[in-house]
Amino acid sequence: MPWLRTLVASAVSTVLVGAAAVTTAAAPDHRGVRDSVHTAGRVKDAGDVLQYSWPGVYFEGRVRGTGVGVVLDDPAADYDVQVDGATVATLVTPGRTTHWVSGLRDGVHTVRLVKRNDTPWSTSAFGGFVAAPGGAVLARPAARSRQIEFIGDSLTAGYGNLSTSRDCDGEQLKRTTNADVSYGALTARGMRADYQINAYSGQGMVRNYNGGSPEVNYRTFYDRALLNVPGDVWRNPGTWRPRLVVVHLGTNDFSTPVNPGEPWTDESLAAAYRSAYSDFLVKLRGRYGPATTILAAGTGPFAGHVEHVVRERTAAGDRGVRYWPLDSTGLDHTGCHWHYSARDHRLLADRLTAFLADLPIRW
């Protein structure tokens, strides 16, 4: 399928606001952003701001009063702002600003900010939530007891999932990508779990889409918090201990034929993929320990390879690795460039949730 990754940075800075929302400037609360919000994402604490790159990173807070400000510095990504469970604004490449949601009833409110799309060429920065005059930022919401990590490519990132057409230019792609309604986010929220969506469009386990950028692959970036900073390493604060990790990598490795000049034959690509996949599972096991279930998704041309790797890992004694035969029956692939649509993501979330119900996950 022609799943072309488009990396076009937007120079547009637009805010699409709902009722009772305006944009202005304000100073953030410098008592420590990390202490005032809950996030499960891969963020780097830079003092007055939290920095991040992966799609779907979210921040949750609590405020008392009639309004809340969202402090951002991001020229590339789009966001949804949610108050008391309802989306009140979509921020398009907001730049450096404080976006205010005002006119709330006087009382305690929950607020959630979520990064919609993947912008691996850029670093995003969040400066916290601020209360309107007379109000206050309250203690952050408690972390959820369940945690799930999703590892993948554009299909996991929600690439163009809100598009009404398979034909998208760069701007349409960015505006219609929403990781918050991807199968991972939907599955996790349905299970009342915190989650990470560590997905990078166009990247494969050993070979990227159409053989592009052969000097890197998904594994090059997996350890990072800031994707555009070579050598960056995310430091787990000790609170990220997922009991379920879902790996969905292989579409980019195999969806296009090997081009002349690439260092692969079909056989050597398959062998390299299986070897790298096995090593990656060993890495995940070492990172998260024996209590974590690792679910390896297989579909299409790479399903057999994934199943082979899982059998090998099981035979080697790791019975916490499971194979998920991702069922693509009934998917319409009407997202940008034949990607999953929002409807497809909901179907996959339902199927994944049903599959997980039969696994002995040690929550």
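Predicted model: local features only at pLDDT ≥ 70, side-chain atom pairs only at ≥ 80, totals over all residues.
Me: What makes the protein agree with a compact globule?
Reply: Its radius of gyration. For 363 residues, a compact globule would come in near 21 Å, and the protein has 20 Å, so the two agree. The C-alpha atoms fill a box of roughly 65 × 45 × 40 Å along the principal axes.

Me: And what does "buried" mean when you say 57% of the residues count as buried?
Reply: Buried is under 20% relative accessible area, and 57% of the 363 residues fall in that class.

Me: Why are β14 and β17 called edge strands?
Reply: Look at the strand order in this open sheet of 5: β14-β13-β15-β16-β17, with parallel pairing. β14 (193-199) and β17 (321-325) each have a single partner strand, so one side of each is left without a neighbour in the sheet. Neighbouring strands are turned by 20 degrees against each other on average, direction ignored.

Me: How do you know that β13 and β14 pair?
Reply: Pairing takes at least two bridges. Strand β13 (residues 146-152) has 7 to β14, running parallel, so they pair by that rule. In one of them, I151 is partnered with N198 of β14.

Me: Which strands does helix α9 touch?
Reply: Helix α9 (residues 342-356) packs on the sheet against β13, β15, β16 (293-298) and β17, making about 140 degrees with the direction of β17. Helix α4 (residues 183-190) lies across β13, β14 and β15 (244-248), at about 170 degrees to β14.

Notes
Residues numbered from 1 in each chain as written. Heavy atoms only, no water. Helix = DSSP H or I, 4+ residues; strand = E, 2+ residues; numbered from the N terminus. Axes fitted to C-alpha atoms, helices over the stretch in contact; angles between N-to-C directions. Contact = heavy atoms within 4.5 Å. Rg over C-alpha atoms; globule rule 2.2 N^0.38 Å. Buried < 20%, exposed > 50% of the residue type's maximum accessible area, 1.4 Å probe, protein only.
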